[in-house]
Amino acid sequence: MARNISNTLELYHLDSLQILDLGNNNLSGTIPRCFGNLSSMIKPSNTASPFPMRNENHFAIGSMDSTTQVLKGVEYEYHNTLGLLAGIDLSRNKLSGGIPEELTGLHGLIFLNLSHNHLQGNIPIKIGDMKALESLDLSMNRLSSGIPPAMATISFLSNLNLSYNLSGKIPSGTQIQGFSPLSFIGNPELCGAPLTDDCGEDGKPKSPILDNDDTKDNGWIDIKWFYLGIPRGFMVGFCAIMAPVAFKRAWRHAYFQFLNEMKYKLLGYNGVCNCN
């Protein structure tokens, strides 16, 4: 049974909370707006600080804490640099509604993962204010809008996944257009570099867009014929090889003689006996 994420509201009172990882917890409901008040994630980290923890009152235990996080598709283990890490992972739940605008006020956030939910609506326009963001994953949701132009101004962003979500034109800028097309896969109504589909004057792809129902039907037909063809292909291949062997004695003898010779070669026996 899904649990409502509103049961976690007391977490935003934790002033020193740097990593909120509630991924894969079967949570439902909407993302609480009060998550934007997580004070330890609002202020960007100061890498010049001599203390390993963001909250300097806890510097004495900074070197003792550690955590493992999957960022940019790679698993990292943090020890002394744990104080420089701040992030939210709500992936693989059943969250619905929109992405709260308040989350964009978390200027110290390093990673944000909201993938594999049922989120709808727009990506917040002010997402460009999250200048410290290095990893952003909004894939596998039901977002219907385009990509805000401000996203192209996040200079530290090195991992981006917006697949199976969006429509419209990809904003111009070397930062966002430098990502692999795989970051935008599954968005037939998305266009512009780095995708090969150019945009028309209306901001939509120039090439025709297949209807989702047609795409699903065609995919099912392809799969059905693939599996139906497997037994037929096997029977044709089997009969083509074994039928001559079964009905022609000369071919049958030649076939088994060939198998015997292969067996002897594999065993290192050449069939010749040298007796001195």
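User: Where is the place of Tyr164?

Analyst: Tyr164 sits in the loop between E12 and strand E13 (167-169). Those labels come from DSSP runs numbered from the N terminus: helices are H or I runs of at least four residues, and strands are E runs of at least two. Before we go on, this is a predicted model, in which local features need pLDDT of at least 70, side-chain atom pairs count only at pLDDT 80 or more, and totals for chains, interfaces and linings use all residues. Residues are numbered from 1 along each chain as its sequence is written, and side-chain values use heavy atoms, leaving out hydrogens and water.

User: Why is Asn117 called buried?

Analyst: Asn117 has a relative accessibility of 4%, so it counts as buried. Asn117 is in the loop between E8 and strand E9 (120-121). Its side chain reaches the backbone oxygen of Ser115 at 3.1 Å. Not counting residues up to four places away in sequence, Asn117 touches residues including Leu90, Arg92, Leu95 and Met140. Contact here means heavy atoms within 4.5 Å.

User: And what makes Thr104 count as buried?

Analyst: Thr104 comes out at 6% relative accessibility, so the buried label applies. Thr104 lies in the loop between E7 and E8, and a polar atom of its side chain is 2.5 Å from the backbone oxygen of Glu101. With neighbours within four places in sequence left aside, Thr104 is in contact with Pro124, Lys126, Ile127, Asp129 and Met130.

User: How do you know that Cys191 and Cys199 form a disulfide?

Analyst: The rule asks for a pair of cysteine sulfur atoms within 2.5 Å, and the S to S distance between Cys191 and Cys199 is 2.0 Å. By this rule the count is one disulfide. Cys191 and Cys199 are both buried.

User: What is the handedness of the disulfide of Cys191 and Cys199, and why?

Analyst: The torsion about their S-S bond is about 110°, so this disulfide is right-handed.

User: Which strands stand at the edges of the three-stranded sheet, and why?

Analyst: That open sheet runs E1-E3-E7, with parallel pairing. Strand E1 (3-4) and strand E7 (94-96) each have a single partner strand, so one side of each has no neighbour in the sheet. Two strands pair if DSSP finds at least two bridges between them. E1 and strand E3 (residues 27-30) have two bridges, while E3 and E7 have three. Arg3 stands opposite Leu27, and Thr30 stands opposite Ser96.

User: What is the order of the open sheet of five strands?

Analyst: The order is E2-E6-E8-E10-E12, again with parallel pairing. Strand E2 (19-21) and strand E12 (159-161) are the edges, each pairing on one side only. From one strand to the next the twist averages 10°; axes are lines fitted to C-alpha atoms, for helices over the stretch in contact, and angles run from 0 to 180 degrees between N-to-C directions. Strand E6 (residues 87-89) and strand E8 (residues 111-113) share three bridges, with Leu112 as the partner of Ile88.

User: Which residues have the most contacts inside the largest nonpolar core?

Analyst: They are Ile88, Met151 and Phe184, in a core of 42 residues. A nonpolar core is a set of buried Ala, Val, Leu, Ile, Met, Phe, Trp, Tyr and Cys residues joined through side-chain atoms within 4.5 Å. A second, separate core of five residues includes Ile19, Ile110, Phe111 and Ala132.

Technical notes: Buried < 20%, exposed > 50% of the residue type's maximum accessible area, 1.4 Å probe, protein only. Polar contact = N/O pair within 3.5 Å; in protein donor to acceptor, adjacent residues only side chain to side chain.
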